Amino acid sequence: MTQVQNNQEGMKVQDDRNEILELYKDLRVTDVRDGLDWIGYHHYGSVHHSIRPLWRTKVVGIAHTSRYLPFEGPVPKLTPEEYTAWSGMYYNEICHDPWHGSIQPGDFMVFDVCGLDVGLLGSNNTLAAYSKGVVGFLTNGGGIRDTDEVILQKIPVWSQFISQGMDQCRIRFYEENVPVAIGGVAVYSGDIVVADGDGVVIVPRKVARDVAKYAHQELRGDKASRRAMYEKLGWELDETVL
């Protein structure tokens, strides 16, 4: 394939990403859940309800996956001064984040952390990723700490629980852009992630347009019905019914 063909293929992929994000931007988790039902995916897509938002918000993005594994050990016997240098090495070589170098705007970072209670994500690295175009984070364990600052910075995170501990001697990076299992759902890089106060739903990329078609059908019906009731009650119309 020539360089020109490579460039054209890259532009097609980007156009497709932009089209999908536009298609899903107004949909709620429940609309997407209904859309999956409409095409026969009744038992697939809904991430387990134990995975909840750090703060209530709504995000739509394209899955960018990574897998982390438990650190096998042993924990080295070091002085606090030695530990400072060793800790830096750990971040650079053992629990590094290569995904930072391949972020695309609209990415929703999805981390399989094996249910570990460890603060893989914090106020610093989430903000760095957010500044590059990441729209949200999803983990199947703890994975988030510094939560007061993360909320203040309005970084969207869905996790099973909050963690205090640093990465050292707890977790290590393993691989990127591989299928991962999150809350009973297989997530592939390129799938669509919709997350809000109702949790998270994953849409396989191959059925994204079909799901969106019926999700919009349900959303339109809901808006029309609720708008009629707003008008009957004399309520001011808001964005959820317009």
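K154 sits in the loop between helix 5 (147–152) and strand 5 (157–159). In this predicted model, K154 has a phi near 60°, a positive value in a residue other than glycine. C169 is another such case, with a positive phi of about 65° although it is not a glycine; its place is the loop between strand 5 and strand 6. As a reminder, most residues other than glycine have a negative phi, and most peptide bonds are trans. Here is how the two compare in accessibility:

| Residue | Relative accessible area | Class |
|---|---|---|
| K154 | 52% | exposed |
| C169 | 18% | buried |

P74 belongs to the loop between strand 2 (59–70) and helix 3.

Now for helix 3 (residues 80–94), whose buried residues are W86, S87 and Y90. They lie on the same side of the helix, because they cover an arc of only 115° around its axis. Strand 6 (171–176) is part of what covers them.

Setting aside neighbours within four places in sequence, T126 is in contact with L121, F137, V150 and I155.

How far to trust all this? The protein's mean pLDDT is 93, and 95% of its residues reach 70 or more. Over residues 4–8, though, the pLDDT is below 50, and beyond near neighbours in sequence this stretch has one contact in the model.

Notes. Residues are numbered from 1 along each chain as its sequence is written. This is a predicted model: local features need pLDDT of at least 70, side-chain atom pairs count only at pLDDT 80 or more; totals for chains, interfaces and linings use all residues. Side-chain values use heavy atoms; hydrogens and water are left out. pLDDT is the predictor's confidence in each residue, from 0 to 100. Contact means heavy atoms within 4.5 Å. Buried means under 20% relative accessible area, exposed over 50%, partly exposed in between (1.4 Å probe, protein chains only). Helices (H or I, at least four residues) and strands (E, at least two) are DSSP runs, numbered from the N terminus. The arc is that of the directions from the helix axis to the C-beta atoms.
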